[in-house]
Amino acid sequence: MKGVIFDLDGVLVSTDELHYQAWKQLADELGIVNFTKEDNEKQRGVSRMESLEIVLSKGNTVYSEKEKEMLAEKKNNYYKELLQELTDSAVLSGVKETLKFLKEKGILIGVGSVSKNTPVILEKTGLLEWIDQVSCGLDITKSKPDPEVFLVAAQKLELPCSECLVVEDSAAGITAAKAAGMKSLGVGPFYQELGATYAARGLNDVHNWDELLA
Ligand code: BG6
Ligand code: MG
């Protein structure tokens with residue numbers, strides 16, 4: 001492998017709780033009282049509009065496409081407000097050590113996230129300095145499980161897909177990696193169920209980088 005492409009939310013940073021708080025605020029305003037953390041888990045790796053559908057499916061009101069756009073924007077404004085407080089303490093354990101290790105080995109580091117807030121998150125957490133190329137929601141038209149975000153990352157890194165390893169915490173992301181012809185490492189609470197090539201609870205539990213990069 002010549003490059004590793006990391007998903008952002010739930011892999012490099014713990015923004016999941018902030019996404020949950022923002023969606024919960026919107027749900028409460030819409031009178032949807034039964035939006036739970038379990039529903040929020042289904043939003044992992046899923047686009048903003050699809051995440052909104054998961055919230056709305058818990059209520060009975062039908063909204064027009066225009067109203068949905070406004071609701072998604074409203075949630076994003078709550079989320080952006082929460083992101084203002086983001087610091088490097090949101091960086092998940094093992095991340096900085098891993099990025100340093102890969103850099104020293106001469107491995108190129110990419111980010112592949114459908115989040116349109118990727119640039120601000122990388123900047124606020126201080127991760128930007130480690131990243132060679134960013135492919136995010138602002139670069140693509142199709143969300144995971146479509147491979148587009150990883151194909152764009154590989155293209156920006158100027159590497160063939162076969163030389164890129166994807167690190168992901170969502171099933172949609174692992175499907176996207178497979179569709180891009182890339183091997184994958186599944187991490188996070190569902191690491192055993194993602195169907196990735198390799199699996200580890202978190203980046204601090206990976207002790208076989210030589211095997212992963214072979
Ligand atoms: C993914 C998150 O990384 O980004 C999803 O796992 C989120 O929960 C998606 O919906 C889109 O993010 P944003 O910041 O563009 O709304
Ligand atoms: Mg993720």
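Are Asp9 and Asp169 buried or exposed? Asp9 is buried, and Asp169 is buried as well, where buried stands for under 20% relative accessible area, exposed for over 50%, and partly exposed for what lies in between (1.4 Å probe, protein chains only).

## Basis of the report

This is a predicted model, in which local features need pLDDT of at least 70 and side-chain atom pairs count only at pLDDT 80 or more, while totals for chains, interfaces and linings use all residues. Residues are numbered from 1 along each chain as its sequence is written, chains are lettered from A and ligands numbered from 1 in the order in which they are written, and side-chain values use heavy atoms, with hydrogens and water left out.

Asp9 belongs to the loop between strand S1 (3–6) and helix H1 (16–29), and Asp169 to the loop between strand S4 (164–168) and helix H8 (171–179), so the pair ties together parts that are 160 residues apart in sequence. Helices (H or I, at least four residues) and strands (E, at least two) are DSSP runs, numbered from the N terminus.

Leaving aside neighbours within four places in sequence, Ser184 is in contact (heavy atoms within 4.5 Å) with residues including Leu165, Val166, Ile174 and Tyr198.

## Helix H1

Helix H1 has 14 residues and reaches 20 Å from its first C-alpha to its last, close to the 20 Å expected at 1.5 Å a residue, the expected span being 1.5 Å times one less than the number of residues. Its buried residues are Leu18, His19, Tyr20, Ala22, Trp23, Leu26 and Ala27, and what covers them includes helix H2 (37–41), helix H3 (48–56) and helix H4 (65–83). After H1 comes Gly31, whose phi is positive, near 80°.

## Cysteines and Met182

How many disulfides does the count come to? The count comes to 0 disulfides, a disulfide being a pair of cysteine sulfur atoms within 2.5 Å. The sulfur of Cys136 is 17 Å from the closest cysteine sulfur, in Cys164, which is too far for a bond, and the sulfur of Cys161 is 6.2 Å from its closest one, also in Cys164, again too far for a bond. Cys136 is buried at a relative accessible area of 3%, whereas Cys161 counts as partly exposed at 21% relative accessibility.

Met182, placed in the loop between H8 and S5, is buried with a relative accessible area of 5%. Leaving aside neighbours within four places in sequence, the residues in contact with Met182 include Cys161, Cys164, Ile5 and Phe150.
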